[in-house]
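Here's a quick briefing on a protein model before you load it into anything. Have a look at the structure first, then we'll go through the fold and the packing.

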Amino acid sequence: MTLFCRCAVFASMLLMLATPAPTHAQGRGGRGRGVPPLTPKQAAPIDITGYWVSLITEDWRWRMLTPPRGSYPSIPLNAEGKRIANSWDPAKDEAAGEQCKGYGIGNIMRLPGRLHVTWENDNVLRIDTHAGTQTRLLYFKPSEPPAGEPAWQGSSAAQWEMGGGQNEIPRGGDLKVVTTHMRPGYLQKNGVPYSGNAVITEYFHTTKEPNGDQWLILETLVDDPAYLAVSPDGTPGDNYGPFIRSTSFKKQPDGSGWNPTPCSAR
């Protein structure tokens, strides 16, 4: 090859290295410079929208029926929590207009019934419940839960937890929701308390069976030192908070069974 040809080839290589790569080649799944980031709705690694019905596979006595006062065998209450639970009086809740204390964020997803999940907008996921006719709004950044008085469903901050490693296209993931700023309520309808300072963390995950059945699995952690026992040395255990529960839902083809009911203190 002549000196002129070598120089021409070398110049062509430099030009190729200096030319920006096309947008679609900038990393696996990358958006590229100047392209708006995906909204939380667009970036969702799982789809939890639609109608779901709860499956009562555990704690049937404490979920399908309002248990008697003082029945809370699996909840690690401290002395103050037990005192309040043992003095529960539904008539007092009714007189105070607080029939929904058992339908707050600490128990609403545990009650039997159906969910209807939709997108309120690109940054806010909405969950309507059959039980108690409640509405939850899950705020993804850049949206923020609105300030104001504490509500039964609290203020919920949501984020996607993507599956896969760095630079990998997400193949699945979880929805993580942290709820604070809530009205005090009940972990069970029979007066087992949680405080307005509780922190409730939820992880939503979906699975699909070979026959097409879809499941929504929810793990809930309730951290509330006001009423839950705290381990003296920080070692976790069944007798100490946080209180952990797992709840399952099955996806329904439509809303034919949707019939919301009001709160009831009994």
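A residue is called buried here when its relative accessible area is under 20%. By that cut-off, 37% of the 266 residues in the protein are buried. Keep in mind that this is a predicted model.

**Overall make-up**
- The protein has five helices and 11 strands.
- Its accessible surface is about 14900 Å², and carbon and sulfur atoms hold 54% of that.
- Take the contacts with a separation of 6 or more: 60% of them link residues 24 or more positions apart.

**The barrel**
- Nine strands form a closed barrel with mixed pairing, in the order β1-β2-β3-β4-β5-β6-β9-β10-β11.
- From one strand to the next, the twist averages 30 degrees.
- In general, strands of a sheet pair through backbone hydrogen bonds, parallel or antiparallel.
- For β4 and β5 the sense is parallel, with three bridges.
- L138 sits opposite S156 in β5.

**The nonpolar cores**
- The largest nonpolar core has 26 residues, and the members touching the most others are I48, M109, L125, L175 and F204.
- Two or more residues each come from β2 (114–121), β3 (124–129), β4 (135–140), β5 (155–162), β6 (173–180) and β10 (214–223).
- β2 gives the largest share of this core, at three residues.
- Another core of 14 residues lies apart from that one, and its members include L77, L187, Y194 and L228.

**Zooming in on L125**
- Beyond its neighbours within four places in sequence, L125 contacts I48, V117, T118, W119, R136, L137, L138, F140 and L175.

Notes: Residues are numbered from 1 along each chain as its sequence is written. This is a predicted model: local features need pLDDT of at least 70, side-chain atom pairs count only at pLDDT 80 or more; totals for chains, interfaces and linings use all residues. Side-chain values use heavy atoms; hydrogens and water are left out. A nonpolar core is a set of buried Ala, Val, Leu, Ile, Met, Phe, Trp, Tyr and Cys residues joined through side-chain atoms within 4.5 Å. Buried means under 20% relative accessible area, exposed over 50%, partly exposed in between (1.4 Å probe, protein chains only). Helices (H or I, at least four residues) and strands (E, at least two) are DSSP runs, numbered from the N terminus. Contact means heavy atoms within 4.5 Å. Accessible areas come from the Shrake-Rupley method with a 1.4 Å probe; for residues, only the protein chains shown count as cover. Two strands pair if DSSP finds at least two bridges between them. Axes are lines fitted to C-alpha atoms, for helices over the stretch in contact, and angles run from 0 to 180 degrees between N-to-C directions.
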